[in-house]
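Work through these exercises with the structure open. Try each task before reading its solution.

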Amino acid sequence: MAVKARKPGFSPRLVRVLGQVLGFAALCLGAFLFLFPFYYMVVGALQERPDPSIAGAFPGPDELSLVNFQQINERVPLLQALLNSLIYTGGVILGTLTIGILAGYALSRLRWRGRELVFNIVLLTLIVPFQLLMIPMYVMVVRTWGLGDTYLGMILPFLVNSTAVFVFRQFFLQIPEEMLDAARIDGAGELRILTQIVLPLSRPAILTAGLITFIGPWNEFLWPFLVTKQQELQPLAVALANYISTVAASTANPFGAILAGAVVLAIPAVALFVIFQRYFVQSETSAGLKE
Amino acid sequence: MSAGTVRYAGYLFILPYLTFLGLFIAYPLGFAVWMSFYDYFFAAPGAVVERPFVGLENYRALILEDGIFHTTLGNIAVFIAVNVPLTTVLAIVLATALNARLPGRTFFRTSYYLPYVTASVAIIAVWGYLFFSDGLVNRVLGDLAPEPSWLVNRTWAMIVVALLVTWKNLGYYVLLYLAALQNIPRQLYEAAEVDGAGVLAKFRHITIPGLRPATVLVVILSTIIGANLFTEPYLLTNGGGPENQTLSPVLYMYQKGIEQADAGYAAAIGVTLSIGVLTIAAVQRFALERD
Amino acid sequence: MVKRVGAIPVWAVVAVVALSACGDGGGASDATSATGPIDVWLSNNEQEIAWGEKIIEQWNRENPDQEVSYQEIPAGESSEAVIQAAITAGNAPCLIWNVAPAAVPQFQRAGGLVALDSFEGGVDYARERLGGRLDQYVSPDGQLYQMPWKSNPVMIIYNKELFEQAGIDPENPPLATYEEFFRTAQTLNEELGIAAIWPSADQTFFQAWFDYYPTFIAASGGEQLVENGEAQFNSDVGVQVGEFWRSLYDAGLIPRESAPGDAFGEEQSAMSIVGPWAVAVYEDIDWGVVPVPTPEGTPSEEIYTFSDAKSTAIFTACENQRTAFEFMKFATSEEADRMLLEETGQMPLRDGLMEIYGDYFDQNPLYATFAEQAERTVEVPNVENSIEMWQRFRDAYTTAVIFGREPVSEAFSAAARDIEELVGKSGQ
């Protein structure tokens, strides 16, 4: 605030305050629109019977029950499935970040013939729908390589994550060239520049890419399901999708079952986000931005 | 440090990505392209089956005669027209607001991110429940509710799908923008303040240009993700209803290729779609990066 | 001769190698006589797994050298994709206890299924179990690639309490003719303000099995959608059935939108069109069951309906096909079928249910009506492009019947033309 006082003139204080109030109001409205369906989902998961009325959206505590969750707990080996999800998702994130950082750096800060071509190919890979590739890929992974019922078979196809490459490329492009040139003049190799100069500056990009990558394997059920038929290897999403498909076919409240399954799947993801989200904004940078 | 070493490093850094790309995209894609020239279907290893070469027949039938395919293209155009501008504008506004020092920032960030981490099947169940004819939305709207209701209304159904996808993925684009905002040097803002620039002036002349690389990314990504729309019509409007008005090209490809085992034709759909999206993305990139 | 492009030689070589490896040396007959451990897939339905575990345990006790192990596959729509992928990769199991007859032509064309004709007495065994209805399951090439296993004959159930509230006799509801059905539906709607019946309005291909198809079968005296390459629904009767459903939609007695939950269970609709699985699901509701309506009220003992059946099939990837065949017989025996009935309430697809399991139906009268109906079921036609055919039909039905944007007769005759061309392809 003291900083502002030093700069009189063109933008009066009122405009700033007004802007902040408006921004805050927009955020509140947005948050309501974003949270309400989610709230509705939790309420739906806690109700024995769905109730579409307006009053039904605000049930009293006596109208809530944990029945849907108890049923999941009885049918799904939650701990084992969670462990599988962690291995699967963790493997994908590690691999994707490694490959993505290297590729993003090569595509943004290194000069080599064919760079533009490869960057266009990165775009191309985003364009191809997975459903088009699924069965040939499946035959290759399971039959040719014999990776059915393994974590590796689940992980490998997810490592070509062009979005991550894209995120790193766009981020690295913004790092001032002089910093890199200085290191190059000092004789540092590219790998050293990448790990010691670029990466420490790239924490937001790494976190962004990590979170984006996380969601794919965490919620994916079709591919790991195709690859693994053994229950002991199935990630949480697959176990819950199986549960939902059974329950939806044979219960009076498929809605509650689906929502409860989704809540169970969402909790670890939300928790992770809450833990990591404060690293998105480096405090010293945000101090400079007042609006 | 010679230019030669740098070039060599470029190839080395891109190699892992290209390897995976070759195995998991190029090979299955090449296979799909090849399939599209045949009356192809998947068969057991060793099975003696006849899969005649049909040249461009699949493409001819698809592009010239297939009314359903034409409908899917129109549908996806509506989707993109709603989804992409809305996504871009809302993501910039929310990211800028979130980047400021406001009370409850953690809370807001988390709430915008929630839909993105939550499994599609649950999101879709909730939206379906909110938007069905006797659902909460119509009860709140009363006489203002459209007739027929949203999801069976030939005009509204696709718009609701587009809003759902915007809502679900917005958190992800906000993340991309947040990461980009971190990279706008705060000196620029300070200099502008010294020159007496107001809130809006700074937003227009510093923030928006600073976000251009991210905007290119967001526009292209959301177009591509939109063009590959699959899960939402598959589940929310139950296979593309009403009367195929929400049928997307990828869902149609899935019906042809997986449900109806007409893999050659499905591959032709996928390849045609990919070429179309590639063209659009190239145009977008050209338009946004030059200017 | 097939024209070749770049990639083919590799595949041709692969095919030749594969063929010479297992084709020439009589590999096929080796597999059909081989015995040893096998793996099977069960649908992930809880009751069916309970049944499967019991049967497998019994078998393994008696045949320790031919052990059976199982894995679950989804019961829903995606199971076809999973099976298709497994056939292509050559890692399908020996038996799958959840094969939709509509998907059999596809799996057969892909070379994924072993015909029961390759086993001595295989077809006879199936015929003994099912009688004349077995013909509906035979493929166009004259071979039998599936063992019809269980059915869920489709009937109309109604909520007695709601009927009473609307002033309709809950013990003898007028639901036999189209006129009666329409008037009853109207009364329900006027008195209670809820849907009379709520079939799914989805455009997915198989939804026709749970509205139009059972009523068409009943009205036509047991015809399939397509017979001998000709579309049967494009007839006076077929159009009449379509008009009947359309009148219900037009009058607002059926919502044009699928229910977000379970309409009958939540008393959003007074009737439902279901199989015997409903008995266990709707335990809390007092309901009655009648056959699907017919134009002039065909006597109920003459009414045919859709079977909603599932088969089991032996897959070519299986090494010990003899064991698979023996286990298949074991698990479809009279005793095994009794266990299936008791565990799942689904009807074993065999003749004489009421005689063989009379004691069970005496104790479970709700199932008895379904069991009687189970004797008169009609299957989906076993034709090539079967799913594509159903999708084409459903598209026409959605436009003309559900949304009423085209005359039924016009939409059906256009669909008939396309469908006759589709199923005609099988002759090539």
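**Exercise 1.** In which sense, parallel or antiparallel, do β3(C) and strand β13 (residues 310-315) of chain C pair, and over how many bridges?

Solution. This is a predicted model. Find β3(C), then β13(C). The two strands pair in the antiparallel sense, over three bridges. Now look for a residue pair: I96(C) stands opposite A313(C) in β13(C).

**Exercise 2.** Find how strand β1 (residues 38-43) of chain C pairs with β3(C).

Solution. Start from β1(C). Its pairing with β3(C) is parallel and rests on two bridges. Next, pick V40(C). Its bridge partner in β3(C) is L95(C). So much for the pairing; turn to burial. A residue is buried if 20 or more other C-beta atoms lie within 10 Å of its own. By that count, five of the five residues of β3(C) (residues 95-99) are buried. The strand is mostly covered.

**Exercise 3.** Describe the side of chain C that touches chain B.

Solution. First, count. 36 residues of chain C are in contact with 33 residues of chain B. Second, locate the helices. α1 (8-22), α4 (78-89), α5 (104-109) and α17 (386-402) of chain C each supply at least two residues of this side. Third, sort by class. This side of chain C has 16 nonpolar, 13 polar and seven charged residues.

**Exercise 4.** Which residues of chain B does UniProt list for "domain: ABC transmembrane type-1"?

Solution. Check the record. The unreviewed UniProt entry lists residues 73-284 of chain B. Then look at the model. This span is 75% helix and 0% strand. Its end C-alpha atoms lie 18 Å apart.

Definitions and conventions. Residues are numbered from 1 along each chain as its sequence is written. Chains are lettered from A and ligands numbered from 1 in the order in which they are written. This is a predicted model: local features need pLDDT of at least 70, side-chain atom pairs count only at pLDDT 80 or more; totals for chains, interfaces and linings use all residues. Two residues are in contact if their C-beta atoms, placed from the backbone, lie within 7 Å. Helices (H or I, at least four residues) and strands (E, at least two) are DSSP runs, numbered from the N terminus. Ala, Val, Leu, Ile, Met, Phe, Trp, Tyr, Cys and Pro count as nonpolar, Asp, Glu, Lys and Arg as charged, and the others, Gly among them, as polar. UniProt positions are given in the numbering used here, feature names are shortened, and annotations may be inferred rather than shown by experiment. A residue is buried if 20 or more other C-beta atoms lie within 10 Å of its own, exposed if 12 or fewer, and partly exposed in between; C-beta atoms are placed from the backbone. Two strands pair if DSSP finds at least two bridges between them.
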